[in-house]
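What follows is a walk through one protein chain, from the overall fold to single side chains. Please keep the sequence and the model in view while reading.

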Amino acid sequence: MADATHKKKRNLLATLLFILLVAAIVAAVIFYLGKVDALNSKDALTIQLTESKTAFAQNEEKLTTATAALETANTAKSELETAKGTLEGEKAELETAKTTLEGEKAQLESDKAALETAKTEAEGKLATLQGEFDAYKTAAEALQKDLEAQVEGLTKQLTEAKVTPASTPAATPKPTATPATAAP
């Protein structure tokens with residue numbers, strides 16, 4: 001039995017060594033595969049790191065561009081706010097001018113109405129004066145015709161008087177007193 005115990009111990013030792021050998025081989029394969037995976041992961045991570053650095057650089061450029069655009073936008077915003085303030089001031093001035101112009105418009109409309117009234121009155125007076133003028137003109141024309149008829153009649157009488165001699169000349173009255181003999 002000593003041989004059997006020794007065989008069992010050997011078998012047990014051999015079995016343990018065999019298990020250790022198999023475990024070592026499995027561990028080596030696992031570690032090797034893990035190493036390959038680790039190397040592949042390392043390469044993938046290196047590629048990702050490079051891509052990340054490139055993306056970071058691009059993002060930095062974008063950030064710089066965006067910062068410059070933001071500063072430009074802030075400057076533009078300030079300019080717009082200044083312009084807005086100016087426009088609001090001008091709007092207030094325009095509102096004041098509008099109110100003034102509306103007042104002037106109302107005054108002009110009132111003046112227009114007064115002028116229309118004066119025009120109507122003047123047209124009425126003109127019509128009256130035109131009627132009076134026409135009446136005077138008609139009277140003057142009638143008077144002129146009458147005077148022309150009288151002139152014609154007198155001219156005729158004068159012509160007749162020149163043509164026919166007077167039967168007795170008219171005696172000229174003699175002065176009774178002379179200027180030198182006048183009483184003192």
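A patch, as the word is used here, is made of residues with over 30% relative accessible area and no salt bridge, and nonpolar side chains are joined within 5 Å. The model in view is a predicted one.

Start with the fold. The protein chain holds 1 helix and 0 strands. Helix α1 covers residues 2-163, in a chain of 184 residues. How much of the chain is buried? Buried residues account for 0% of it. The accessible surface amounts to about 16800 Å², and carbon and sulfur atoms contribute 65% of that area.

Next comes the nonpolar patch. On the surface, Phe-18, Ile-19, Leu-21, Val-22, Ile-25, Val-26, Val-29, Ile-30, Tyr-32 and Leu-33 together form a patch with about 960 Å² of accessible area. One of these residues, Leu-33, is located in helix α1.

How many salt bridges does a search of the whole structure find? The search returns 1. Glu-123 pairs with Lys-119 in a salt bridge, and their closest N and O atoms are 4.0 Å apart. Both residues belong to helix α1, where Glu-123 and Lys-119 are 4 residues apart, or about one turn of the helix. Glu-123 has a relative accessible area of 44%, so it is partly exposed. Lys-119, with a relative accessible area of 45%, is also partly exposed.

Conventions: Residues numbered from 1 in each chain as written. Predicted model: local features only at pLDDT ≥ 70, side-chain atom pairs only at ≥ 80, totals over all residues. Heavy atoms only, no water. Helix = DSSP H or I, 4+ residues; strand = E, 2+ residues; numbered from the N terminus. Buried < 20%, exposed > 50% of the residue type's maximum accessible area, 1.4 Å probe, protein only. Areas by Shrake-Rupley, 256 points an atom, 1.4 Å probe, with all protein chains shown as cover. Patch = residues over 30% accessible without salt bridge, like charges linked within 9 Å, V, L, I, M, F, W, Y side chains within 5 Å. Salt bridge = Lys/Arg side-chain N within 4 Å of Asp/Glu carboxyl O.
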